Structures are given as structure tokens and as C-alpha cells.
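Look over the sequence and the structure before reading on.

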Amino acid sequence: MAKNSSLTAAKSAKEDEFYTQLSDIEKELKHYRSHFEGKVVYLNCDDPRVSNFFHYFSYNFEKLGLKKLIATCYKSQDIDLFSEHNTEQAVYLEYEGDKDGDLVPGPNEIGIKPLKGDGDFRSSESIELLKQADIVVTNPPFSLFREHVAQLIDHNKKFLLIGSQNAITYKDVFRLFKEDKLWQGYNSGDMAFQVPDHYPPRETRFWVDESGTKWRSLGNACWFTNLDTPKRHEDLILYKSYSPAEFPTYDNYDAIEVGRTEHIPADYDGVMGVPITFLSRYNPDQFEIVGSDHEVKDGLLPWLVREGWTGKVDRAYLNGKRMYARILIRRKGAPA
Ligand SMILES: C[S@@+](CC[C@H](N)C(=O)[O-])C[C@H]1O[C@@H](n2cnc3c(N)ncnc32)[C@H](O)[C@@H]1O
């Protein structure tokens, strides 16, 4: 296929089959052990035959003191998938821990039950399983991330999910950050995922390993959760002092530009524009999220537009230059 048409095909196909590596799951999950004791964990986008989330929770069932593990396997529309979905029948699995003393989740200990529908996380059957669950952990389809999070919030569930950092800029997801209903976990940045054989090659962030397995990676993957972590209460060490020369006020917003999170001045009381990567270091005891540039654009923060400004407000501008996406923050406890 010509380079262009192959890229277009890759873009237009809904490519949801990105399989999370066990090492990435372990690296994040080790920080949340205390949350899982006595809990029902639901993996609602996970084919247990290939999901390392299922592997992690079934093999660590006793160590975590889980009550029950449930996984639903979404029926594939495509017979040629890496996950070898070879049946039209979607299934769900229940595991209640080791019974025969070998501490290995054996076939006789894992209950496999058919579903009437296709295992879509939005189906009534999946919602019934969700109701039993305390914590949902998965890497949901990127294309349905918004809906996936919204469902968990509606059902008042705890969760730990992988997504793209771009999701932070989705209005409804950002609002959850602002309302302290969701935050970033420990790890973010580069993450590699195994993908099905039929996925087309790409110019970047794609490779085939020596065993012929195809891989894709994201440079901006991150974990989203509403499980509290010590990290979230660690103060960012601030070592800079405010000066108008180093932290100029935007042309259009009543806020100063702070190009790097670690440069946030310790002594500035007003509103500051910071990159969205700030959220990976956000401690709600230290800072308040005032809003974002898209909220200014939507007219939700009129008091942030500089008096007399009649130009664009779609982004922060500095000396006529449109800035990257900015989150607007203020030091907690700063005099208004
Ligand atoms: C990004 S992959 C991740 C798979 C697995 N959770 C993991 O981390 O390895 C998303 C998975 O969700 C499944 N899926 C797609 N649409 C779904 C839906 N509506 N409901 C449930 N699962 C879905 C896909 O088949 C795919 O296996």
C-alpha cells in the first residue's frame, strides 16, 4: 500500500486492540495495594485470554486480599484479531481465589459464564456486573474513554484506568479533575502495547520484535484514578520567585505564563497558566485548579479575560503568540 493510503487507513480504522504489558500494570498497581483488600475488582474491557490485567489480579488475588475478580470479554466484530476471539459468544469470568492450595488460578477455579449480549461495557449485563464491583481497572478502548469514565462516575465506582493524556483536555474529563473526582496516577509518558497482527505498519511508534509480534506505543499514556495516593499529597518544591520579566502576563488573560511546572513561582498569589503536564504533579492541598483555556473560550471564566480585551480568547496569547494548551491554577490559600 502506498505510504499515504496506509496512513489514512490506519487513522480511519477504529484501533482499539492495544494490549497492556504486565510490567506497566505492576509498576502502577504496586502503589494501590491497600485499596484492594476485601474488594470486588471488575475488568470490563478485558479478554482474560490476553489481558494482563486478568493475569495480574488472578495471580495476586491472595496477596491483595481480593474478594472477587470479574472480567468481561467483548465479542470481537473481526475474526482476525490478535485476541483470537473465535466465538460469537461473549463471556464473563468470575474468580474467587485459589481453592486447591497451589496459588495458581486453575481452569477449575475460574467460572466462565456466557453472556447474552456482546459484552459491551454499556450493556445491561455488564452494568449488572459493574454494580457488584468496588473497583474497575482496565485500559478501555481509546475511542470510548469519555463514555467509560462517565459511566464509572455515574455508578459511583472507584477506578484505575489507562488513557491518553489528551483526555485531560476533554471538557467533561477536565471538569472531573477540577472537581477533584479524578486525578493522574503515578506513571505517565511512553507506554508500549502489543497489537494484533493485522494492524498496519506506521511510520512512527510501531515496530515488530524478533518473535514477529507487532507493537505500538503512545508517548502520552497515563493512568487516571479516583483512588487516593500519597503522591497526590506531595508538595511540589517551588524554588523560583515571581518577577514580571520572567513570568509575563498574557495579552488576553489576567494570568501569568509559567512555561514549566517546576518553575511555578512560590510567591505569586494570582492566576498562573501552566502546561497540562502540571496535572501529573498536582497536589490539591497546594494548588487550586481555576480552569482551562477552553473554559475561558467557552465563556465560563469571564473574569479571567483582561479588561478592555476584544481579541481572541481561544487560547492564552503572549506578545501575539498563541500558547500551547494551558491550565489555570492558583496557590491554595493565596489572598484573593
Ligand atoms: C485498549 S484495548 C485494552 C485491552 C485490555 N484491557 C488491556 O489492557 O490489555 C481495549 C479493549 O476493549 C475492547 N472493547 C472495545 N469496545 C468495547 C466495548 N464497547 N465494551 C467492552 N470492551 C470493548 C476491545 O476489544 C479491546 O480489547
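This is a predicted model: local features need pLDDT of at least 70, side-chain atom pairs count only at pLDDT 80 or more; totals for chains, interfaces and linings use all residues.

Elsewhere, the structure holds two cavities of 30 Å³ or more.

**Ligand site**

- Asn139 uses its backbone instead, with a polar backbone atom 3.3 Å from a nitrogen atom of the ligand.

**Second largest pocket**

- The second largest pocket has a volume of about 480 Å³.
- Its lining counts 21 residues, and Glu15, Phe18, Phe142, Arg216 and Leu218 are the closest to the pocket centre.
- Which strands each supply at least two residues of this lining? They are strand E7 (158-164) and strand E10 (214-225).
- E10 gives the most to the lining, with four residues.
- By class, the lining of this pocket has seven nonpolar, seven polar and seven charged residues.

**Largest cavity**

- The largest cavity holds about 50 Å³ of space.
- Its lining consists of Trp183, Gln184, Thr229, Lys231, Arg232, Leu279, Ser280, Arg281 and Tyr282.
- By class, the lining of the largest cavity has three nonpolar, three polar and three charged residues.
- Ser280, one of the lining residues, is in the loop between strand E12 (272-275) and strand E13 (287-292).
- Is Ser280 buried or exposed? Ser280 counts as buried because its relative accessibility is 18%, and the cut-off for buried is under 20%.
- A polar atom of the Ser280 side chain lies 2.8 Å from the backbone oxygen of Thr277.

**Second largest cavity**

- The second largest cavity has a volume of about 40 Å³.
- Ile168, Thr169, Phe174, Ile276, Ser292, Asp293, His294, Ala325, Arg326 and Ile327 form its lining.
- Helix H8 (293-297) and strand E16 (326-331) are the elements that give two or more residues to this lining.
- By class, the lining of the second largest cavity has five nonpolar, three polar and two charged residues.

**Helix H8: Glu295**

- H8 also holds Glu295.
- Glu295 counts as buried because its relative accessibility is 7%.
- Glu295 and Lys171 are 124 residues apart in sequence. In space, their C-alpha atoms are 8.2 Å apart.

**Helix H3**

- In helix H3 (residues 52-59), the buried residues are Phe53, Phe54, Tyr56, Phe57 and Ser58.
- Which residue caps the N-terminal end of H3? The cap is Ser51, with a side-chain oxygen 3.1 Å from the backbone nitrogen of Phe53.

- Most residues other than glycine have a negative phi.
- Asn156 has a positive phi of about 60° although it is not a glycine.
- Asn156 is in the loop between helix H6 (145-154) and E7.
- Asn156 counts as exposed because its relative accessibility is 71%, and the cut-off for exposed is over 50%.
- Asn319 is not a glycine either, and its phi is positive, near 50°.
- Where is Asn319 placed? It is in the loop between strand E14 (317-318) and strand E15 (321-322).
- Asn319 counts as exposed because its relative accessibility is 72%.

Technical notes: Residues are numbered from 1 along each chain as its sequence is written. Side-chain values use heavy atoms; hydrogens and water are left out. A polar contact is a pair of N or O atoms within 3.5 Å; within protein, one must be able to donate a hydrogen and the other to accept it, and residues adjacent in sequence count only if both atoms are side-chain atoms. On a 1 Å grid over the protein atoms alone, a cavity is a set of points where a 1.4 Å probe fits but cannot get out, and a pocket is an open set with protein on both sides within 12 Å along at least five of seven lines; lining residues have an atom within 4 Å of a point. Grid points are joined across faces, edges and corners, and a volume is the space filled by probe spheres set on the points. Ala, Val, Leu, Ile, Met, Phe, Trp, Tyr, Cys and Pro count as nonpolar, Asp, Glu, Lys and Arg as charged, and the others, Gly among them, as polar. Buried means under 20% relative accessible area, exposed over 50%, partly exposed in between (1.4 Å probe, protein chains only).
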